[in-house]
Amino acid sequence: MRRAVCPGSFDPVTYGHIDIIGRAAKQYDEVVAAVLNNVNKKGLFTVPEKLDMLRVETEDLANVQVAEFDGLLVDFCRANGIDTIVRSLRSVSDFDYELQIAQMNYRLSGVETVFMTANPQYSFLSSSLVREIAQYHGDVSNLVTPYVQGRLREKYAANG
């Protein structure tokens, strides 16, 4: 069975994330959308909230699981029998950064990284931009699903 992981912070999950996970699900028998639990970084959403959003947004993809990890991604891969990491590239600068990580991951564990180019309609999209637009009550309806949009409204209403 061919298994792959699509790792990220998913803070929040965007149409770009969903696109890459869906495309990976067509290429692999099983895909794990893995949320990084980075204790050194405070996100807008908690890890359980991110997991919930990912589960809702991938529920129609039968071969996609959602999980969390902390520490090294390659350790998560080894522990879960995953030999491929799927990463999205939006720009040349993404490639420079991602290539270094991919080479180190391979050196540490032999886990391969496969790069998927972002769908052009999402090539500008990032979670940080979505958070900034939503914080100022801008329209993010073409960037995230209605469910995530509602979660963003709730979060910013609660945070003032």
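1. Throughout this note, a residue is called buried when its relative accessible area is under 20%, exposed when that area is over 50%, and partly exposed in between, with a 1.4 Å probe and protein chains only. By that rule Phe69, at 8% relative accessibility, counts as buried, and so does Phe76, with a relative accessible area of 12%.

2. On the origin of the values, the model is a predicted one, in which local features need pLDDT of at least 70 and side-chain atom pairs count only at pLDDT 80 or more, whereas totals for chains, interfaces and linings use all residues. Residues are numbered from 1 along each chain as its sequence is written, and side-chain values use heavy atoms, with hydrogens and water left out.

3. The secondary structure comprises six helices and five strands, where helices (H or I, at least four residues) and strands (E, at least two) are DSSP runs numbered from the N terminus. Read from the N terminus on, the order of the elements is β-α-β-α-β-α-β-α-β-α-α. The radius of gyration of the protein is 15 Å, close to the 15 Å that the globule rule gives for 160 residues, so the protein is as compact as a globular protein of that length; the radius is taken over C-alpha atoms, and the rule is 2.2 Å times the number of residues to the power 0.38. Along its principal axes the C-alpha trace spans about 45 × 30 × 30 Å.

4. Of the 160 residues in the protein, 46% are buried. Where contact means heavy atoms within 4.5 Å, 76% of the contacts between residues at least 6 apart in sequence join residues at least 24 apart. The protein exposes about 8900 Å², of which carbon and sulfur atoms supply 50%; these accessible areas come from the Shrake-Rupley method with a 1.4 Å probe, and for residues only the protein chains shown count as cover.

5. As for charge, there are 16 positive and 20 negative side chains, and the centres of the two sets lie 2 Å apart. In this count Lys and Arg are positive and Asp and Glu negative, while His and the chain ends are not counted; the place of a charge is taken as NZ of Lys, CZ of Arg, CG of Asp or CD of Glu.

6. Cys6 belongs to strand 1, residues 3-8, and is buried, with a relative accessible area of 3%. Leaving aside neighbours within four places in sequence, Cys6 is in contact with Ile20, Ile21, Ala24, Val31, Val32, Ala33, Ala34 and Val86. Thr84 is 78 residues away from Cys6 in sequence, yet the two C-alpha atoms are 9.0 Å apart in space.

7. For context, most residues other than glycine have a negative phi, and most peptide bonds are trans.

8. A positive phi, near 65°, is also found at His137, in the loop between helix 5 and helix 6 (146-158). His137 counts as exposed, at 69% relative accessibility.

9. Helix 1 (residues 15-27) includes Ile18, which, apart from neighbours within four places in sequence, is in contact with Val13, Glu57 and Thr145. Ile18 and Leu54 are 36 residues apart in sequence and 8.5 Å apart in space, C-alpha to C-alpha. Lys26 is found in helix 1 too and is exposed, with a relative accessible area of 72%; its C-alpha atom is separated by 19 Å from that of Thr14, twelve residues away along the chain.

10. Leu125, in the loop between strand 5 (112-117) and helix 5 (127-135), is buried, with a relative accessible area of 6%. Beyond neighbours within four places in sequence, the contacts of Leu125 are with Thr14, Tyr15, Gly16, Arg90, Val130 and Leu143. Val144 is 19 residues from Leu125 in sequence, with 9.9 Å between their C-alpha atoms.

11. Rings of Phe, Tyr and Trp (its six-membered ring) pair if their centres lie within 6.5 Å, and planes under 30 degrees apart count as stacked, over 60 as edge-to-face and the rest as tilted. By this rule there are three aromatic pairs, including the tilted pair of Phe69 and Phe76, at 5.5 Å centre to centre and 40° between the planes.
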